[in-house]
Amino acid sequence: MGDRRPETHASSSPAVAASSEAEEIEVLESEDVLPMATEDHWKALFDQFDPESTGYISTEKFRNLLQRHGSELDPHKLEVLLALADNNSDGKICYQDFVNLMSNKRSNSFRQAILQGNRRLCSKALLEEPGLSLSQRLIRHVAYETLPREIDRKWYYDSYTCCPPPWFMIAITIVEVAFFLYNGVVLDKFVLQVTHPLYLKNSLVYHPQLRAQAWRYLTYIFMHAGIEHLGLNVALQLVVGVPLEMVHGAARIGFVYIAGVVAGSLAVSVADMTAPVVGSSGGVYALISAHLANIVMNWSGMKCQFKLLRMALALICMSFEFGRAVWLRFHPSAYPPCPHPSFVAHLGGVLVGITLGVVILRNYEQRLQDQSLWWIFIFIYVVFVLFAIFWNVFAYNLLDLKLPPPP
């Protein structure tokens, strides 16, 4: 079995080497990416290098296996396959992971990594590359802060051009700050603006009596309870949101952010039906919880410095801001009978982050099973939104709630 040689090999044939890029991708994305051997044959070869049947072999043994039984793989393709297969970050390759890798179609990042002929993935880690400029160091830092695998970090580092820049998080932050400053001037109050009797008269605030004005379920993010509320939200969404947008793009990050915002106001309308809502905490908490969950799920692969300390600091800031919101909600209102804004929007954002957000941010290179999970969470989110809409239409009258008068 060990001397069995494959009859054909895609990358060793001159005809195949001269074929189109599309044919090359098709070979790599087919269910039998390495046609030289069947799955049973690969299993037998793995067993020779894994006499104790642990299910793992070292990358060095894997290279020897390919050299002895895999004929001549293109070095660039070999490096990509090794980097993608080595998910354990301990120098070992799991046989089942390798088989799964061979049988899954890859996304754009994998295709471009294969096709970009002038890019060579060496075994040296990105952190070991010397002589980088300040901007290159920043991009490398972002890669290690957000991506769990070396192959994804290298591809991101090589391909990122800052065009377009992370405009979504910057733009939404500027608008939020502008609205806060405008309200501060109008109300002549910057700390705990929410205690001003005219605060709720703003047409952007979500108010239960005015829930039929659908824009309020989204525009409430431009109204903050005070500078302490705005400061924490702005700091968190810039520190976490901008690097995530640099890696995953404005469309994905914007979707998670807006989904968290909508889920926050709808959650309040279901669980805290008499309270108004202000602040961007729903969107901010969606991004942060998705990022932290992604770090936890890929803990061994994340190479960001002081990751435990950074997680602790993020959780402390979130807890402090959430605690402030809880205290404010139950503090005697300055304009009874309407209570202070609800804190439930924070929880709605967290739920979006650890479900829908995790699927979006989990892998820079999304696989088929992740795409299936994505549609499952989308379905759950849509069901929740539809339920909340019907709840807002019918539940208030059925429960005969005594709502605070409109501002």
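Select Asp-272 to begin: this residue is buried, with a relative accessible area of 12%, where buried means under 20% relative accessible area, exposed over 50% and partly exposed in between (1.4 Å probe, protein chains only). The model is a predicted one, in which local features need pLDDT of at least 70 and side-chain atom pairs count only at pLDDT 80 or more, while totals for chains, interfaces and linings use all residues. Residues are numbered from 1 along each chain as its sequence is written, and side-chain values use heavy atoms, with hydrogens and water left out.

Asp-272 lies in the loop between α12 (227–271) and α13 (281–297) and Arg-329 in helix α14, so the pair ties together parts that are 57 residues apart in sequence; helices here are DSSP runs (H or I, at least four residues), numbered from the N terminus. Arg-329 is likewise buried, at 13% relative accessible area.

Next, select Glu-321 and Arg-324, the partners of another salt bridge (3.2 Å, N to O). Being three residues apart in helix α14, Glu-321 and Arg-324 are separated by about one helical turn, and both residues are buried.

Finish at Leu-399, which is placed in helix α16 (residues 368–399) and, at 46% relative accessibility, counts as partly exposed.

Definitions and conventions: Helix = DSSP H or I, 4+ residues; strand = E, 2+ residues; numbered from the N terminus. Salt bridge = Lys/Arg side-chain N within 4 Å of Asp/Glu carboxyl O.
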